[in-house]
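Reader: Please take one part of this model and describe it closely, with the cut-offs behind each term.

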Amino acid sequence: MQFTFLGTSAGKPTRERNVSALGLELDQDTQWYLFDCGEGTQHQLLRSRLSIGKLSTIFITHMHGDHYYGLPGLLSSKKLDKALNPLAIYGPKGIRKFIECVMNDISYEKLGYQLTIIEYSPQEEYHFDKFSLKVLPLVHSVESHAFYIKEYDTANRLDEEKLKALGLEPSPLYGALKRGKSIVVDGKEIHPESFMLEPRIGRRVIIAGDNDTPEILGSYLDGIDLLVHECTYLQKTYDTLPVKVQHTTARDLGICAEKHHVRNLIATHINPRYNANGKIGIEAVSEEIAQHYNGNIFIANDFDCYYLSRDSIIIQL
Ligand SMILES: [Zn+2]
Ligand SMILES: [Zn+2]
């Protein structure tokens, strides 16, 4: 499972960071999925190894411009690139009106490909080729959502090493064993139950939109392999804001991740004020999280690529 960050800034782009967008690829899949599509996402795509032609589905967390203003340009370029495979967009109420308004009399003929728009509600669950996705409500100044992604478990796996040790190389007999049939090799009967591996449990990930209360995700966070969550402020910055905004601080994110034994945490949606040239560098964000959380912390930068292994290890590519 691979995550490519295409935009990691909060609210507006900076020289180093574009606004929110995240690509997800599953193992051995020919398509990929996009989470949020801030302005300029198509430009970021051009600088990444992801191609618009293999994008199958877009999920929008909420209707703030830094999370969806990139849609019209991307939809148009898809046609010009002759990437005419169907595309589905899942978003909250309002996403249909936005797309239909901006694209002006949208139609398959004009776009040249099939576009499906699905307006979801919290708690709805959808099924894709390799995972299920459940919509969870967050707390923000507009309705905002997280996506709970559960990769399907893989059952019915043969212990090929054990079979090869018996001299049985891959053949149609493997298929018979998988179908639960006993086979005979060199006069010896082989029963399938002795050669089946335990089911491989799918990875569990939450990709969250803007939110001021990570704890609202509750038990969905328990022992999860990876949480991707906004982290817009340091606590000390937040405490001095004259007008409070509904975003998460590094402290609150760390406390919540620790409480629920989150295995890996990637913080994104970073406030432009934290940067290498400013008074406060980005490392201050991970330091504040680390004061409260003992798991693995990553602060996403644009074009960072992370692979989440089946045993819950994150490898930065
Ligand atoms: Zn935002
Ligand atoms: Zn927002």
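Author: Ile 266 stands opposite Phe 298 in β15. This is a predicted model, in which local features need pLDDT of at least 70, side-chain atom pairs count only at pLDDT 80 or more, and totals for chains, interfaces and linings use all residues. Residues are numbered from 1 along each chain as its sequence is written, while chains are lettered from A and ligands numbered from 1 in the order in which they are written.

β14 and β15 run parallel and are joined by four bridges; two strands pair if DSSP finds at least two bridges between them. Helices (H or I, at least four residues) and strands (E, at least two) are DSSP runs, numbered from the N terminus. Both strands belong to an open sheet of seven, ordered β7-β8-β9-β12-β13-β14-β15, with mixed pairing. β7 (125–127) and β15 stand at the edges with a single partner strand each, so one side of each has no neighbour in the sheet. On average, neighbouring strands here are turned by 20° against each other, direction ignored.

Across β14 and β15 lies α10, running at about 155° to β15. Axes are lines fitted to C-alpha atoms, for helices over the stretch in contact, and angles run from 0 to 180 degrees between N-to-C directions. The buried residues of α10 (residues 283–290) are Val 285, Glu 288 and Ile 289. These residues cover an arc of only 100° around the axis, which puts them on the same side of α10; the arc is that of the directions from the helix axis to the C-beta atoms. A residue is buried if 20 or more other C-beta atoms lie within 10 Å of its own, exposed if 12 or fewer, and partly exposed in between, with C-beta atoms placed from the backbone. Among the elements covering the buried residues of α10 are α8 (235–240), α9 (250–259), β14 (264–268) and β15 (296–299); contact requires C-beta atoms, placed from the backbone, within 7 Å.

How values were computed: Contact = placed C-beta atoms within 7 Å.
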